Amino acid sequence: MAAAFRRSAARRLGGLLSWIGLVGAIAAAWQASLWFGVMTPELLPPIGEVLATAVSLLGRPAFLASVGVTLAEVLVAFAIAVPLGVALGFAISESSYWSAILKPIVFLIFSIPKTIFLPMFILAFGINFGQKVGFGVFSTIFIVLISSFSALDSVKSDHVRVARAYGASPWQIAWRVYMPAMAPILLEAVRLAMIFNLTGILLAEMYASRAGLGQLIASWGENYMLKELLAGILLIAAAAILFNEAVRWFEARCEHWRS
Amino acid sequence: MSLAMASSAARPALSPAAVRLLLGIAVLILWEALPRLGLVPQLFLPALSQTLAALVGSAAEYGAHLLHTLRAIGIAMLVACGLGIGLGLLIGSVAPLRRTLQPLASGLYAVPIVILYPLFTAWFGIGPQSKIVFASVYGMLPCLLGTMAGIQTIDRQYLTVARSMRASRWQVIGRVLLPAAMPTVLSAFRVGGALVIVGVVVAEMLTSSEGIGYLISRYRTLLDSPHVFAGILLVVLLVVLFGALVQQVERRTAHWRFSTRSGEAG
């Protein structure tokens, strides 16, 4: 137990070190390209100035308001897409007949990147909060569907049979057999859903919007405000990576709990 | 398979494939009927016949812009899938590299790549370069991650045998890793390639002066739904066609897998 804990702690430290190494390498390449004249400061402002801009952005009410808009869209879309996707996925998996019919269709639609359908959403919903949320749900729901298919497949029927033989209640079977088997796959679904969702909504904001982080990023780009643009990119990237790593850390803990 | 057959025996008339076909026909009929009957505004959903008429009527325009898009897709696919699969094979086959880089690569996958596009247009201008760079970055990570994961599923015994026969690193990659990883590499290529296609079009939609994406955006601002849908339909066809093509290659190379994994059957 202690050895296992030490080993996982060592791995976590190694992971942290490799992230520090990556950030250091990017910073070094950034500054080196300026020193050697590959990039001019107009195209790539020095990293110190960009970081200072990032810090000052976090204190600007206009920026925080944009973050709020985007966050609200992302959360509403997420709160709709994940339960809906899981429920639909389970409903389809319930019947082997409908699984045989619908699963190939879901996989076909999943294989087409959703970003291409964005203009349809603008024609149908206009340019507003609902359209962003709708597009976020659409970008997200297919990965959730597919994950719920494989989550249900991962529950071993032997385990369910044994639990029933011992007289477990349906609630106990759901909580003790289904949940532990499905938790890692569903967490993976949550992680991927968030990536797809955030990408979809930021793109929708960049394409046509009056508010939100994506709109801010696009207008900084159009106006050559590269210091703000780079600071915004760094902040969004850092937030996305931190969320992703947090879910993965939780996934690893569940894996542990499962065994 | 037996399950599907059992349920189709219970409902003797319709196999799942037949129901799928009927569903497809129903979607096409609804696509035509709903807007025609005024149940859905034509602006939201132009009728199928209108969309096809727009596609045929402006075939020359779509064709000319499609050429620009296809050229960008070709270059970006070479870069994205070449680099992604090449680096994936290299990193996946060197254990210490894989242990440090794989978590980083899948962490970086969380970054929404779209936010880099304004940076690329600022750096490279609104020409083909910025969309090629964008689509390459967009498609590369899935290729890289898929290939790395594919390498990991290879039976270690093949490597041991190859090494004990003193195969060089390139021989190991060319004769053992690549054939054994072929199915995963191809499915990584399918995912990455689809992202490259859509990446180019989305870049054109955002800021561009040529290509299918530019046409879609221009017709959208004109609220000309049939032409918007026709453009999207064209891109979806392109993605589906690409997927079918890769699947064909997967089928053709299936015997590689059998010859390299014959040991697993026993």
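Modeller: Helices here are DSSP runs of H or I with at least four residues, strands are runs of E with at least two, and both are numbered from the N terminus. Keep in mind that this is a predicted model, where local features need pLDDT of at least 70, side-chain atom pairs count only at pLDDT 80 or more, and totals for chains, interfaces and linings use all residues. Residues are numbered from 1 along each chain as its sequence is written, while chains are lettered from A and ligands numbered from 1 in the order in which they are written.

Residues 67-247 of chain A are 86% helix and 0% strand, with the end C-alpha atoms 21 Å apart. An unreviewed UniProt entry annotates that stretch of chain A as "domain: ABC transmembrane type-1" (positions follow the numbering used here, feature names are shortened, and annotations may be inferred rather than shown by experiment).

Now the close look. Helix α3 (residues 61-94) and helix α8 (residues 170-207) of chain A have axes that come within 10 Å and cross at roughly 135°. Axes are lines fitted to C-alpha atoms, for helices over the stretch in contact, with angles from 0 to 180 degrees between N-to-C directions. So α3(A) and α8(A) count as oblique: under 35 degrees is roughly parallel, over 145 roughly antiparallel, 65 to 115 roughly perpendicular, and the rest oblique. On the α3(A) side, the contact (C-beta atoms, placed from the backbone, within 7 Å) includes A:T70, A:E73 and A:F78; α8(A) brings, among them, A:M194, A:N197 and A:E205. The residues of this contact split into 10 nonpolar, two polar and two charged. Ala, Val, Leu, Ile, Met, Phe, Trp, Tyr, Cys and Pro are the nonpolar ones, Asp, Glu, Lys and Arg the charged ones, and the others, Gly among them, polar.

Chain B has a crossing to look at too: the axes of α4 (residues 59-93) and α9 in chain B come within 8 Å and cross at roughly 145°. The residues of that contact are 18 nonpolar, six polar and one charged.

As for the two chains together, 43 residues of chain A and 40 of chain B make the contact. The chain B side of it comprises 32 nonpolar, six polar and two charged residues.

How far to trust it? The predictor gives the complex an ipTM of 0.87 and a pTM of 0.86.
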